[in-house]
Structure formats: C-alpha cells, structure tokens
Amino acid sequence: KGIMYIDGQRVPFDGEKNVLAVIRKAGIDMPTFCYYSELSVYGACRMCVVEDERGKIDASCSMEPRDGMVIRTNTARLLKHRRMILELMLSSHCRDCTTCEKNGSCRLQELALRFGVRHVRFKDTRPHYEIDTSSPAIVRDPNKCILCGDCIRVCEEMQGMGILNFAHRGSDLVVCPAFDRKLGETNCISCGQCAAACPTGAITIFNEIGRGWRALHDPKKRVVFQIAPAVRVAVGEAFGLEPGVNAINKLVSALKMMGADEVYDTTFGADLTVMEEADEFLERLKKGGPFPMFTSCCPAWVKYVEEERPHFLKNISTCKSPMEMFAAVLKDQYARKDEEDGRTTYHIAIMPCTAKKMEAKRPEFQHDGKPDVDLVLTTQEIIMMIKESGIRFAELEGESPDLPFGMGTGAATIFGTTGGVAEAVARRVVEDKSKNTLQAIQFSGIRGSETIRAVTLPVGDRALRIAVVHGLVNAQKLLDDIESGQEYFDLVEVMTCKTGCVGGAGQPYGLIPVKQQRAEGLYEADRTALIKRSERNPIVTKLLEGAMKGRTHQLLHVEYKR
Ligand code: HC0
Ligand code: SF4
C-alpha cells in the first residue's frame, strides 16, 4: 500500500502484484508480450521497461511497487528501446501479415504499428521451420514465434500438461514439444489455451471456415447447426455487445442469412445428458460405485484421463457429451428425411472449444466412416464468417432457434460455466423439487470462481459429496487427493478450462473478469427460463419415452477404452 509517481501523476496502489499493474491502473496502456496477468511473471520481452529518477531502466513486470517510487514510462530512451525490440523481433519473424491467421489480432503487428516501425534493418538468421498441422485442433508455426513463452506457462501452470518448452540455444531457440515431436504425437489435450495466449500467429486454432462455406453453398446438403451454451454470451463481443449479453437469437438470424437450413440449440443435448447422467448416477448409487463418477462432457478432460490416468476411465460417466448426444439423435432422426428428399444432412456445431474439434473426429463418433458432427466451428470462426458476410450483427433482429431441437431448459444453459453441469444434475437427483430446493442448490457453493469447490447435498438418506473443479492443473490435484484417500466424492464435475466453457479457447480473447461476465449471462438466462429442470423438457421426455425407447444406450452412451 502506498503512493507512486508515474509520469508526474500521483498514483495510489494497494495490493497490485507489480509496478506494471499500477501503471495500467493509472490508465497507461503499457505494451507487453510475455506478461499474462493470470500466470507467473517471466520478464523476458522487456517491452514494459520504465526509467527511474536516476535513469535506471528496468522491466516493470518484475518490480514490486514501493511507496514514494518515481518512474517515467515514455522517455526518449524507453521509446527507442521498445522500437529496437520490435525491430529485432520483426527481423526474425515471417512478415506475410496479410495472409496470416492472426492478421488484425496480432500483438506484434499492433505494436509495430503503434511504435511506428516502418523499416527493419537486420537480416533474418533464424532457421526456417516446418508448420505443424498434426493436431486436430491447433496449428503451430514456429516461424511466427517471438519466444515470449506464454504458451509454455499456460500449458504448465493452468493445465498442468507441460507439453511445450524451449529447445536449443542462441538463434536456434524455439518453442516445441519435447524431442521436437509434433503436437499430434504428444499427450496434448487440444484445449487450445496455448493458442488463446499466443500474441502472434505462432499457435492458432485449426481454421475450418472453408469447409463451412462449402457445405452452406452446396444445394445437396441440408446444413443443420447446433449452438453451444457458452457461445451465445460471447459471440456479440466481436460486434460491440457487452460480454454476457445473450445473442443466441441474433446468431440464429445471422446463420439463416448465411444459408443455414435449420438452427438448433446444444442445450437440447445437455438436457438429454442430465437425464442420462442422473440415471447413471442413481444406478451407481444402487450398485455401490464406482465413485466418484466424473462428468464426461469436456473432451480435453476425457483425453487427459485416457492418456495419463487410465485407471480412472471406469469412473467417467458413459454419457456422450451434449454435443455428441445431439448429433447422434439428429442423424438418427434425419436419416429418413435424407432418404425422402435426397439431400444429406450436414451437421455443424458452433462451440467455444477447440477440443470439440478433436472430439468430433474421434472414431467412437463415426458411423459408416461418417462423423456424427461433420464440422466444429469455434465462436471465433463463426465471427469471422459473419464478418465476411458483411452482416451487421449488432443491428440484427433476433429469431428463435428452430423446433424441435431448439429447446433447452435453464439447467442446460448453465452447462456453459463451471459448476453448471453439477448443478443441473443435482436439480434432477434431489427429490424435493420446490423452488426452495433449487435455491438451496444454487447457494450451496456449487457456483463461483474458486478452483475446487466441494458441496454436500442431501439425496434420500444420503449426503452426497459433490466437487466442481476447473483448470486442469486443479483437477490433477484433486485426482491426487482422491487417489491418496484424502478426499472422497460421489460426483465430480471437471472442466479443463478456467471458468468452464465460457473461457474456452475458441471464444474471443478475454481475461477472467470477461469470462465471469459471460457466466453471469448464462445464469441470467437460467433465471428467466420458463423451464429450469431437464426432466421438464417436453421434447426430451417425448423422445426418451417414444422414438428412442430401448435405444438410449446405443445412441447416447459411449465407453472410452484404452
Ligand atoms: Fe460446453 Fe457442453 S457446456 S462442453 O462447456 O457438457 O464446448 O458451451 O457445448 O457438449 O451443452 C463446450 C459449452 C458445450 C457439450 C454442452 C457440455
Ligand atoms: Fe498444452 Fe492445451 Fe496447448 Fe496442448 S492445446 S499444448 S495441452 S495448452
């Protein structure tokens, strides 16, 4: 706590973790490449340098705020220093900006423009690297890497995976998986958080927009969309809407203008998941386990268990994810329609998540060589397509999703944030269905931002122990505690990304506060939803008792084996 003097301004500070944070609080947009407020400080890019009264220059990210400190952020020396860093970076960076995936959202491009770098005097002496397209979700182009290390720290500190690291020395220094392997040959879970953190085009999301357009322009295809819960509260951000504003109806209109035949809501699949997962859980209670039962909807989490903790596979719910349940039902119900009108149903899922691209390509979800979900487009990709179409999204009049599969309950909508799946299942399994009980669940501690939350809920004569965890590194800690017998839970919800799907790597760029606003938007949608419990979704109950009776196991469940 104290007062600092920044460029002659008096700035109080209180608990900020470094001088950089105080500078930003003072309203100065200090440039950085390697600083990411949610990770440890690395201090390598030196863009955030400041000068003290004695002319000493230092990186503000690595300085602790002290009372009475006097610094300048924009002296001639500092500006020259920054320009030099940028010029050096650009000298060893491929400069095909116009065709780069990150054109318009690259920090190197933005800062080179801001600091007026128009000329690069140095020659590129770095080796040329092959582009790594081996992952189903992520593309690595080391030629565009500025060695800030953000991806390395995200992968290690947030996800506990440690897939990426620095290798080699000097001008050969490069970021890559161990032993120079390709991403697809590692245990990478396709969470995409490295791409979300990358300030340049060195790690990007596998772009499949072209496939989307081809399907939309093909008269022989019936293009049917599903929209994931978390997408609706983030897509508007790219068009000037606040994070958390529910734009699903505008998105439906936009998709129809782009040529979609039918647009549905993944929440329908989520309601199915709640029904099946609750049944499975009650069944396990009867049989005595295995416990804990882990949720299965996050594909990066499933992949992690498969690769690194296969002995827990039996604990993972056999329910397919809502996306895959939806797709299985759709393809089943539309088979006759396809035969009748000679068109083929092409199913596109709009997801906040990069790992969903990997999930859709898994062999478990292919039938006769065809995937149930033909294409996964991230929120960011659909934003690019809307922009390409010239649609003024913010001004669109909304339109509801289509029936029958455009209807989901409030319980399904909150799937998109951490704690939502557990809360939705809890609503289903508690016997008392009064409003009081709904509120008791809501305020049990199941919601919130703490990384691991444990709650106890009464079901029958049992007190159920439920845990909710987000950020894979935290899930790993929880697994350790479960394994050692230190903790016991009946049901555990795991989301790989911090804050759950609203914080997925396919969403527009945003830090934790933005993600929390999105989560708030989902809770708001639940508050105003007509139906709040999955067992009350009339379409779901009709299907379960009618067309799908006796076939739910085949359509809605999957066993992940090793
Ligand atoms: Fe999610 Fe899902 S909630 S994983 O975060 O369960 O991606 O939004 O679509 O499938 O519903 C993502 C979001 C989904 C699925 C749902 C679940
Ligand atoms: Fe690590 Fe996730 Fe990136 Fe894979 S996708 S390298 S697991 S951060």
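Select ligand 1 together with α8 (266-287) and α10 (322-341), since each of these two helices supplies at least two residues of the shell around the ligand; helices here are DSSP runs of H or I with at least four residues, strands are runs of E with at least two, and both are numbered from the N terminus. This is a predicted model, in which local features need pLDDT of at least 70 and side-chain atom pairs count only at pLDDT 80 or more, while totals for chains, interfaces and linings use all residues. Residues are numbered from 1 along each chain as its sequence is written, and chains are lettered from A and ligands numbered from 1 in the order in which they are written.

Staying with the ligand, display the 21 residues that surround ligand 1, of which Ala228, Ala230, Cys297, Cys353 and Cys501 are the closest; a residue is counted as near when its C-beta atom, placed from the backbone, lies within 6 Å of the molecule. The largest share of this shell, 3 residues, comes from α8. Coloured by class, the shell has 14 nonpolar, 6 polar and 1 charged residues, where Ala, Val, Leu, Ile, Met, Phe, Trp, Tyr, Cys and Pro count as nonpolar, Asp, Glu, Lys and Arg as charged, and the others, Gly among them, as polar.

Next, select Pro290 in the loop between α8 and β12 (293-294), and look at the peptide bond from Gly289 to Pro290, which is cis, with omega near 0°. A cis peptide bond also joins Leu403 and Pro404, with omega about 10°, and Pro404 is found in the loop between α12 (379-389) and α13 (410-413).

Ala137 counts as buried because it has 30 C-beta neighbours inside 10 Å; buried requires 20 or more other C-beta atoms within 10 Å of the residue's own, exposed 12 or fewer, and partly exposed lies in between, with C-beta atoms placed from the backbone. Leaving aside residues up to four places away in sequence, Ala137 touches Ser190, Gly192, Ile205, Phe206, Thr354, Ala355, Lys357 and Met358, contact meaning that the C-beta atoms, placed from the backbone, lie within 7 Å.

Finish with two loop residues. Asp7, between β1 (2-6) and β2 (9-13), has a positive phi near 50° although it is not glycine, and it counts as partly exposed because it has 15 C-beta neighbours inside 10 Å. Leu147, in the loop between β6 and α4 (150-158), also is not a glycine and has a positive phi of about 60°; with 18 C-beta neighbours inside 10 Å, Leu147 counts as partly exposed.

Conventions: Contact = placed C-beta atoms within 7 Å.
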